[in-house]
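Have the model open and follow along.

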Amino acid sequence: MAGTVSRVCAAVVRETCFLVDVPPSASPALGHDPELSPHDQVLAGIAWRGLDGLDGDVQVGRALPALRRLLTGGRRGTPAR
């Protein structure tokens, strides 16, 4: 899927989360891990997931506060649409 990285949402030690602008017409496609051989791949599927209820996820939980600030223009409250 094509997209444009617009900014870093969060960076913790060796993990970085990017906000990526994706055209509405884009379709997700399963990729591969170039560091693994074809028979050692662990990626099995791809799907869109909402962010509701993911605060407890270690990686998503770190990025959500920054994402919320970006979507509200630095204000607290409902994301801008």
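A helix here is a DSSP run of H or I with at least four residues, numbered from the N terminus. Keep in mind that this is a predicted model.

Helix 1 covers residues 58-71. Still, helix 1 bends by about 35° at L64, with a proline, P65, following within four residues. L64 is also one of the buried residues of helix 1, along with A63, A66 and L67. As a reminder, an α-helix has 3.6 residues a turn, so residues three or four places apart point the same way.

Now for the two ends. In the segment after helix 1 you'll find T72, whose side chain reaches back to R68. With a relative accessibility of 2%, T72 counts as buried, because the cut-off is under 20%. Just after helix 1, G73 takes a positive phi of about 65°.

| Side chain | Backbone atom reached | Distance |
|---|---|---|
| T72 | oxygen of R68 | 2.9 Å |

What about the pocket? The largest pocket has a volume of about 670 Å³. It is lined by 20 residues, and F18, A47, W48, R49 and L51 are the closest to its centre. Helix 1 and strand 2 (15-21) are the elements that each give two or more residues to that lining. By class, the lining has 16 nonpolar residues, plus two polar and two charged ones.

Terms used
Residues are numbered from 1 along each chain as its sequence is written. This is a predicted model: local features need pLDDT of at least 70, side-chain atom pairs count only at pLDDT 80 or more; totals for chains, interfaces and linings use all residues. Side-chain values use heavy atoms; hydrogens and water are left out. On a 1 Å grid over the protein atoms alone, a cavity is a set of points where a 1.4 Å probe fits but cannot get out, and a pocket is an open set with protein on both sides within 12 Å along at least five of seven lines; lining residues have an atom within 4 Å of a point. Grid points are joined across faces, edges and corners, and a volume is the space filled by probe spheres set on the points. Ala, Val, Leu, Ile, Met, Phe, Trp, Tyr, Cys and Pro count as nonpolar, Asp, Glu, Lys and Arg as charged, and the others, Gly among them, as polar. Buried means under 20% relative accessible area, exposed over 50%, partly exposed in between (1.4 Å probe, protein chains only). A polar contact is a pair of N or O atoms within 3.5 Å; within protein, one must be able to donate a hydrogen and the other to accept it, and residues adjacent in sequence count only if both atoms are side-chain atoms. The bend at a residue is the angle between axes fitted to the seven residues ending there and the seven starting there.
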